[in-house]
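Here are my notes on the model you sent over. Have it open while you read, and take the points in order.

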Amino acid sequence: MKLTSNLQENLHALHKILPVGKSFDLLEKVLYIHGRTFYLYFLDGFAKDTNLEYIRRDIYALPKEELDKVHSAEELIRLGISSIEVSTETDIDEMVKALLAGQTILLFDNSSSAAIIDLRTYPTRGINEPEKEKTIRGARDGFVETIVFNTALIRRRIRDPHLIFEMMNIGQVSNTDVAIGYLSNKVDKKLLKKVKDTLNQLHVNALTMGDQTLIESINEEKWFNPFPKARYTERPDVAAAQVTEGKIVILVDNSPTAIIVPTGIFDFLQDADDYYVPVITGNYLRFVRHIIFLVNLFLTPVYVLIVRYESMIPSSLSFLLPDDPLNVALFIQFLALEVAVDGLKIASLNTPSSLGTSLSVIGGLILGEYAVKTGWVVPHTIFYMAIVALSSFTQPSIELSYGIKMMRMIMLLGAGLFGIWGFAIAVVLDIILLLTTKTFTGEPYLYPLIPFNWSALRTLIFRTKVQTKQSANKH
């Protein structure tokens, strides 16, 4: 619906949509200046009184004879509004969207257009280092829940005119701001078009859980797949580094994380600490992380096989076998401990911070000791499960660590129920799941291994030195 030059008709149409007088934070301010009537609409908490006062003073400072000649928002902006971020609008629905996003609407008589003034001051927390992605060295800032702050944190690191942030609104109810960031001279144009088309065609009521709701809405038909379809980060330096490599960053308002696409499984094995230390040290850290990744995946299923086929184990490795009788099948012990570890994590998250760590440690010790004494588990399962639980924290991505957990539990079930053949079938099923998994943009999850691209794979497996113009010319 379009505005008309009749102020009362415009106000009536606007009041039919907005709960003016019902919602305490939706305010209407009427100004009478030099015989003209002006209506200001804004949300309490977004617009400061001093900024609104500046608007009133700007209009009041216009001579009456000049104000009488103003018959459109464009003329009023040109002659009497000093605010920098101001635009015009003639569509009432777009005005409502702008208002509910925190902007201020200015309507006045004899004008078929409205002024949209951005006087927002965002409520936000401090830009602190993310708890999950701490580094030994490096920057200590992190994304917050305000999208314009997050784009500024990336632009602070990439001072290139090719860096572009495109804004769109997603959600029929929430109208959440979503920004797509990329370098126009490095991004894959087909990939960029695919991301834009996917987001534009997305039909969802609200992004209640921010970026996670966005990803789930796109991959709603593959909810059973545990592997993350995109990489998340709360570190601006990580997001900026990915953008410079030609990837796309998606920022969702009210979410302190950035979505990086496209992302395969090898991208999750990288960590910011690898690049804040010398090349040789970074490669050592990455090698350790890769070894622990494999141990985390195969340790408990392989141990179940060792105990099941103990007659084939040489005497020199007999210390690996449990001395106590197995009152409960070994694979069931491991599965129960998998659940118990996650239960302790949930309990720790919901415990006050002053008690969380001590409660988790005490709870783990008490439960472990009495589980062994009562015969539910043997000490070996406690020991190997502790290794698995601790090694999972070497993985920067929480989402991938749970995907690995699901793979490990499938192998535990196969090895425990059907022995070596069950284990082999479970491994094949896990590989098939990986092969059939696609990224957010439909790319193979195992790229650049499948399809094979050694130059791309090498930079993901090894920590390579920074490329300069001189080194690039040598190559």
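This is a predicted model: local features need pLDDT of at least 70, side-chain atom pairs count only at pLDDT 80 or more; totals for chains, interfaces and linings use all residues.

1. Start with helices H11 (residues 330-349) and H13 (residues 379-391): their axes cross at roughly 45 degrees and come within 10 Å. Axes here are lines fitted to C-alpha atoms, for helices over the stretch in contact, with angles from 0 to 180 degrees between N-to-C directions. Helices (H or I, at least four residues) and strands (E, at least two) are DSSP runs, numbered from the N terminus.

2. Residues are numbered from 1 along each chain as its sequence is written, and side-chain values use heavy atoms, with hydrogens and water left out.

3. Who makes the H11-H13 contact (heavy atoms within 4.5 Å)? On H11 it's Leu330, Gln333, Phe334, Leu337, Glu338 and Val341, and on H13 it's Thr381, Ile382, Tyr384, Met385 and Ala389. By class that gives eight nonpolar, two polar and one charged residues. For the classes, Ala, Val, Leu, Ile, Met, Phe, Trp, Tyr, Cys and Pro are nonpolar, Asp, Glu, Lys and Arg charged, and the others, Gly among them, polar.

4. Now H10 (residues 279-308), which packs on H11 at about 160 degrees, with the axes 9 Å apart. That makes H10 roughly antiparallel to H11. Thr300, Tyr303, Val304 and Val307 of H10 meet Leu330, Phe331 and Phe334 of H11. This contact has six nonpolar residues, one polar and no charged.

5. On to the sheet: five strands, open, in the order S6-S7-S9-S10-S8, with antiparallel pairing. Two strands count as paired if DSSP finds at least two bridges between them. S6 (163-170) and S8 (231-233) are at the edges with a single partner strand each, so one side of each has no neighbour in the sheet. The twist averages 25 degrees from one strand to the next.

6. Within that sheet, S9 (residues 248-252) and S10 (residues 258-261) pair in the antiparallel sense over four bridges. Ile250 stands opposite Ile259 in S10.

7. Last, Val148, in helix H6 (residues 147-155). Val148 is partly exposed, with a relative accessible area of 35%; buried means under 20%, exposed over 50%, and partly exposed in between (1.4 Å probe, protein chains only). Val148 and Ala179 are 31 residues apart in sequence and 9.2 Å apart in space, C-alpha to C-alpha.

Definitions and conventions
Contact means heavy atoms within 4.5 Å. Angles under 35 degrees count as roughly parallel, over 145 as roughly antiparallel, 65 to 115 as roughly perpendicular and the rest as oblique.
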